[in-house]
Amino acid sequence: MNSKKKTGFISTILAMILMTCIVAGCSSPKVVSEDDPSDPGVSISENTVITVTHHEWCAMEGYEPKEITEVFENAGIEDIIYTDGNYELKIEKISSDKVVISSLGGLIEKNENGTINLNADAPYTFTIHNGEELKLASQTMDAGVIITIKFGIAE
C-alpha cells in the first residue's frame, strides 16, 4: 500500500471511530440522581411557600437601609426569587423535602456569630430543607445585602 492510500485509510478509520463515539455519547441513557435538578419526577410546586427577606445596607452616613419581604406561593423550577443586578437566586429543584437554589455567586452563608468570610469561595447552589431558613450575605464590606430565605409546605 503506498503512503497516500495508507494515510487516507487511517484518516477514514479515525473518522469512523470519532463518529461512533459521538453517536454513542449522544444516545446513551441519562442516569438521573435524586439531586439532579433537571429530573422532573421529583419536582413539585403545589403548596410550596418560599419567603425571601432582603435587607440592603450601606456604610455611607445617612443611608436608609431597605428591607423587603416577598412571599412566593406555589413556586416552581426556574422561578427567580431574588435579583438586583449583582445577584440572582433561582429555583433549580423543589420538592416537599427541600428546595435547591442556584446563585450567580457572591453570596455566602453567614457564620454562626453573624460575620462573613470575605475570602471563602461562594457556592453556586444552596439547599434549604422544609421548615428551615437560610441566611445569606454579600461578600462585601461597604454595602451589600443580607437575604433570609424560608421554605415550607402550606397545609
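Two exercises with worked solutions follow, on a predicted model.

Residues are numbered from 1 along each chain as its sequence is written. Local features need pLDDT of at least 70, side-chain atom pairs count only at pLDDT 80 or more, totals for chains, interfaces and linings use all residues, and side-chain values use heavy atoms, without hydrogens and water.

**Exercise 1.** Find which residues are linked with Glu133 in a network of salt bridges.

*Solution.*
1. A salt bridge is a side-chain nitrogen of Lys or Arg within 4 Å of a carboxyl oxygen of Asp or Glu. The whole structure has 3 of them.
2. Glu133 pairs with Lys135, with 3.9 Å between the closest N and O atoms.
3. Glu133 also pairs with Lys150, where the closest N and O atoms are 3.9 Å apart. Lys150 lies in strand S9 and Glu133 in strand S8 (residues 133-138), so this pair ties together parts 17 residues apart in sequence. Strands are DSSP runs of E with at least two residues, numbered from the N terminus.
4. The network therefore holds Glu133, Lys135 and Lys150.

**Exercise 2.** Decide whether Thr148 is buried or exposed, and list its contacts.

*Solution.*
1. Thr148 belongs to strand S9 (residues 143-153).
2. Buried means under 20% relative accessible area, exposed over 50%, and partly exposed in between (1.4 Å probe, protein chains only).
3. The relative accessible area of Thr148 is 16%, so the residue is buried.
4. Contact means heavy atoms within 4.5 Å. Leaving aside neighbours within four places in sequence, Thr148 touches Thr51, Val52, Thr53, Glu133, Leu134 and Lys135.
5. Of these, Glu133 is partly exposed at 39%, and Lys135 is partly exposed at 43%.

Notes:
Helices (H or I, at least four residues) and strands (E, at least two) are DSSP runs, numbered from the N terminus.
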